[in-house]
Amino acid sequence: MDNQEAATGRQLHMIGNAHLDPVWLWRWQEGFAEIKATFRSALDRMKEFPEFIFTCAGAAYYRWIEENAPDMFAELRQRVAEGRWVIVGGWWIQPDCNLPAGESFARHALYSQRYFLQKFGVMAKVGYNVDSFGHHGMLPQILKLSGMDYYVFMRPEEHEKAMKSNLFWWQSQDGSRVLAYRIPKGYTTRPTDGVIEKIKALNEVMQEQKTDQMCFYGVGNHGGGPTIANLHEIRSAQEKLGAKAVAHSSPNAYFERLTRGDNAADLQQLPLIQEDLQHHASGCYSAHSETKASNREAEHRLLTAEKWAAVAHHMLKLPYDSNRLQEAWECVMFNQFHDILGGCSIKEAYQDAREGYGHALHIGAETLNAAMQKISWSIGTMRPGIVSLTRDKDRTLWEQNDLGVPFVVFNPHSWEVTAPVQIPQQMKGVTDEADMPQPIQQVRASRTNGGDKYDTLFLAQVPAMGFRVYWIYREQAKLQTGANTDCELSATPTTLENRFIRLEIEPYTGYVKRLFDKRNGVDVLAAAGAVPIIIDEHNCDTWAHGAFSFRNEIGKFTDAEVKVIEAGPIRAWLRVTSWYGRSVLRQDFMLHKDRPDVLVRVKLDWQERHKMLKLSFPVRVNSPMATYEIPFGTIKRPVNGEEEAGQQWLDVTGTLPELGQPYGLALLNNGKYSFDVKDNDLRMTLARGAIYADHYGQRDEMCEYMDQGIQEFAYSLVPHQGAWQDAGIVRKAYELSVPLGSVIETYHEGALPQRYEGISITSDQVLVSAFKKAEAADGYILRCYETSGQAASAMIEIPMLGRTWTAAFGKCEIKTFFVPLDSKQEITETNLLEL
């Protein structure tokens, strides 16, 4: 009897699943075995219960089964074809949904959805991250561009984020919208728990919210899946309530039912949410610093390698190894699993993560080096004097004439970059390709071999996604220019100053006493800045469950030593070393001659337990607003002191107290993800001395603590008048994380010029996130996104392809262009799947 369904028209969808953590309180090898056993169990249940339907995400798991248990994989394919095994998610695993870069989410979809299509003839329709610790606000656009119109999640739960309905519309800033569902009452059932009580509870939710609900059941986390007892209980419930009222189903079937017929009209009444979905496990934004730094480095390494590999392939026929690059991306994507990148797994799991990131970084390094060396070797570096000397085999003549050595500098960004470049040798002169002398500075190298312990620093100006040859000279000191006679850059034991900025350090605390913007006559800070504050965390577990802010201050680093390291024509450098307990913090504050930013390189030896370290920067503005970079976009968040996830930069802008003019300070970083802003006090989290995988367990002397020892990273302070959009913040952040590359060359003929621009984009708002060879078609993929939150039009030119076109971007819009090799074919917009 279909009593309930007939009476209400509503249906409880029973979702058989097994939440599969490939890594958490176990290593991936155990996760591998767990997934095989779970898949086998689910397939066996299908034989015993013909009505049973199983739902599973994670392309990586399917790949494991395909390679290690091919007979089971064939059986699985049959069940998918029957519609009884439902593929969801469309990503490699269920990643942390705050910390990966936008391009990482694009690669999750690209490689996973194409894998599903190739192996099963289907793609996931429903995004599925049931255990991830929050979900950034640009996901709706990423999901739509990945072939998914729906989204299922569980965290944040009801006690963490109040929502009127489990079912709602979720919209990103560009206007993309998906139908989303928050799982109530958990995504699993324990082995000892029954399903009946959960069905009763969900029936109450269904009546209260007046819409169909999903009831997730099955043993999870360490796998397992639906049990025989679970399935018998569902049969009993169906006998009582009706087979349609309590139905074996899947997320696909749930959303299909809601979007067809009369139900579709009801969807227009659902709530609309236009923000990210936070907060759960706020400590996971900062737990295990090494893994987070490795993630940022690996993402950028692979993206840079792809760009130059594509250029070298097209211009010089260097083979482009898509399979090897995908192998590297698969390592990165696996390590983005929410319990790995979130920092809440056992200690042993991070040795595995270290190996995975190392493999990806090595592939990226080899790919990048091969491409750059191929390009630099193909540049014509012969000069008139060199041509005559090549006829003489006496090497001494070459050295005596000192005609210079070609030094090729590469810019992977889609805009022209001027930045310091360090030549790993001591030189007396540098010129550009037109023989124009460049200012240089001798700087300390990491070596002391034979007394040769200095490198050479100069400022390179390199075209967008291009390269430029500079000439370096060992003996011709007459070429050196730009001596520091005009006082544009100076350093004293407590100050740094150029024509833009004056920075003052308190001599005993090591804090920034004053940051003065000389251009605008503004004191940027309301009180001491770069203050290293110790936060007590004894009451927090690894995840920091239930903690939404971290401001229980118990101390500060102090007793500082301050000294001048460099005072040259290009860079001035103060080293500030301070102490707290057994921990040592070294901050190297740097000013460059023609830059209005303060670069800080940090070396931290952290030895504290159950404590967090933050840097504080109180910005001297009224009515502050905080803007965070998130994947492929930005978001404004309240200045209430809550811990928030961010990417490469965070900005606090308000109005100056004396003038009422808009002013702000941006904080950039190359490997941190956790921040908070309370009123005008901007803080970045540097380290957490949490116990590995500690959920308020029995703590004893055998516990192991995270972040112990040395870590190194960099941050930058960018004061600005007006809005952050007008200060080049997005570009500066990328330049901090992805420096210019270089190759020391020799003399040879070559078809390539000594200065080359690889791309031109007329709008400063539009940035290239990826340039790569297309996965299948004969051509290239260029992905761009709008960065300022305002509509833009851009003319894009790629000279090596002989292509120019114009594109209109909505605010925060991602566009992926397929550029065919055949110039007679039109450039088309495609999705993240290149389909």
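Tutor: Buried means under 20% relative accessible area, exposed over 50%, and partly exposed in between, with a 1.4 Å probe and protein chains only. This is a predicted model: local features need pLDDT of at least 70, side-chain atom pairs count only at pLDDT 80 or more, and totals for chains, interfaces and linings use all residues. Residues are numbered from 1 along each chain as its sequence is written, and side-chain values use heavy atoms, with hydrogens and water left out.

Student: Is Asp707 buried or exposed?

Tutor: Asp707 sits in the loop between β35 (681-688) and β36 (709-721). Strands (E, at least two residues) and helices (H or I, at least four) are DSSP runs, numbered from the N terminus. Asp707 is not a glycine, yet its phi is positive, about 65°. Its relative accessible area is 10%, so Asp707 is buried.

Student: What is the relative accessible area of Ala530?

Tutor: Ala530 belongs to the loop between β21 (522-523) and β22 (531-536). Ala530 is not a glycine either, and has a positive phi of about 55°. Ala530 counts as buried because its relative accessible area is 0%.

Student: Which residue does a cis peptide bond join to Arg155?

Tutor: Omega is about 5° at this cis bond.

Student: What is omega at the cis peptide bond that joins Gln278 and His279?

Tutor: His279 is in the loop between β10 (272-273) and α11 (289-316). A cis peptide bond links Gln278 to His279, and its omega is about 0°.
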